[in-house]
Amino acid sequence: MRAATALSVLVLGAGAIGHAMLTGLDTGISRVDPFRDMKNRPEGGHGMNLLLVGTDGRERITPEQKKKFRLGGAPCHCTDTIMLVHISRDSRRASVVSLPRDSYAEIPAYTDRATGQKRPARPVKLNAAYAEGGPSLTVRTVEHMTKVKIDHYLEVDFTSFMKTVDAVGGVRICTSQPMSDRYTGLNLPAGSHELNGGQALQYVRSRHVDIASDLGRMQRQQRFVASLIERATSSGMLLNPVRFRKVATTMLGSVRADEGFGTEEMLALGRAMRGFSAASSEFTSVPIGSMGTVKGVGSAVKWDPAKSQRLFRMIREDRPLAPARARKARATLVDVSPQQIRVQVYNGTGEDGLGRRVDGALRATGFNTTRTPLNGDSPEVERTFISYDPRWDRSARTLATALRGCEIRAVKGQGRTLRVTAGADYRGVTPVRAQDAHQGEFGAVTGDEVTCP
């Protein structure tokens, strides 16, 4: 009983100290009122929903930082990043949904606060809502599109982003291929990297790394958030009131938030995340239906109506997005998700059933096989080989990693389906995975799947 009493005193004392150290912390936050005069809002669900917005504000960037991290140019005063963050009611899961900034959106009618002029509802790109009506119109537009009630609003600019990363001691990012973007100055060889605030900003801003453009950038932003969660939860920061206050002071001193996001909410979030790990978070993007040019809007992406409705209904119902799956053996990191690679298997030997075994092994590690292996042109193949169209060379390299020691042969005009001819040297398939694996209905992944091994 003495031990239990002493423990209770320590817990209560630690809680009191933590509360005292954080009391008044919210006085440094710049406040906005994104919910003022809002009517006909969606019904609240279970858990907490936070709209995280990243703007291109660079007014507080030093000339040295602008030059070093290529942050020059005029800002558009719009949102570069829009994420809907859902904290489950039991505080054991964080679901992060990226909303493409170029999403086709219909902003509701509103009154311009600067001029008092009433503006009608009309189609725009989602990031234009902030440029026209600030946080309030952004929240209204997101609620209108998702039918998810936003509880809190948090706005981060370039300065607060860099300061936050530096305050937690940087983030660790891994990439299977070299990444270079001459617009942001990003230049990362393949491998593991510790990024400071400025380098992390280059990483999340880069959109000319590959042909995926903004969609690829959203995936990198999700990897960054997962890595940030991993660093914050694995370093003991959330259990150390002194360090937590230091990081929170740094971050909140340069962000904008709604009036309701104060000390109590920060303490609740801190308590909720004490049991967190990267695996406690899950990430996805709104399912895309089509891309193209929309009259009066420009190049935009349209959400898949049915899938996006199901996604946001699951958010409202506080249900996990990433499918439950058993922990897999550590796999080799590759550039392209096996789920995206179509494979036709051929048996190049006289061994009965070899084609079926190869097809099954490739399918087990995630490749999209035809499930109907065929016999090759010759039953005398000694060495397994892959034939592929040069336009899908990245997919061929991924498949070759799974079939170690195989030969690869380029065949122009073959199309996107890769062909594997199993030879007498076949000895099995090496498990592989990509950083941006698309799994489940919404392609949701948990944070531990996209952080460094």
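The legends below describe an overview and several close-up views of one predicted model.

Overview. Residues are numbered from 1 along each chain as its sequence is written, and side-chain values use heavy atoms, with hydrogens and water left out. The chain holds 12 helices and 26 strands, which are DSSP runs numbered from the N terminus (helices are H or I with at least four residues, strands are E with at least two). Of its 453 residues, 48% count as buried, where buried means under 20% relative accessible area, exposed means over 50% and partly exposed lies in between, with a 1.4 Å probe and protein chains only.

**View 1. Helix H3 and its kink.** Helix H3 covers residues 128-146, and although it has 19 residues, its end C-alpha atoms are only 17 Å apart, short of the 27 Å that a straight helix would reach at 1.5 Å a residue; the expected span is 1.5 Å times one less than the number of residues. A kink of about 135 degrees lies at Gly-134, shortly before the proline Pro-135, the bend being the angle between axes fitted to the seven residues ending at a residue and the seven starting there. Among the buried residues of H3 are Gly-134, Pro-135 and Leu-137. Just after H3, Lys-147 takes a positive phi of about 60 degrees.

View 2. Strand S2 (residues 48-55) is largely enclosed by the rest of the structure, because seven of its eight residues are buried. S2 pairs with strand S3 (residues 79-87) in the antiparallel sense over eight bridges, and Thr-55 stands opposite Thr-79 in S3. S2 also pairs with strand S9 (residues 152-156), here in the parallel sense over five bridges, and Leu-51 stands opposite Tyr-153 in S9. Two strands pair if DSSP finds at least two bridges between them.

**View 3. Thr-370 in a loop.** Thr-370 lies in the loop between strand S20 (368-369) and strand S21 (374-375), and it counts as buried because its relative accessibility is 18%. Leaving aside neighbours within four places in sequence, Thr-370 is in contact (heavy atoms within 4.5 Å) with Arg-342, Val-343, Gln-344 and Asp-359. A polar contact of 3.1 Å joins the side chains of Thr-370 and Gln-344; such a contact is a pair of N or O atoms within 3.5 Å, and within protein one must be able to donate a hydrogen and the other to accept it, while residues adjacent in sequence count only if both atoms are side-chain atoms.

Note on methods
This is a predicted model: local features need pLDDT of at least 70, side-chain atom pairs count only at pLDDT 80 or more; totals for chains, interfaces and linings use all residues.
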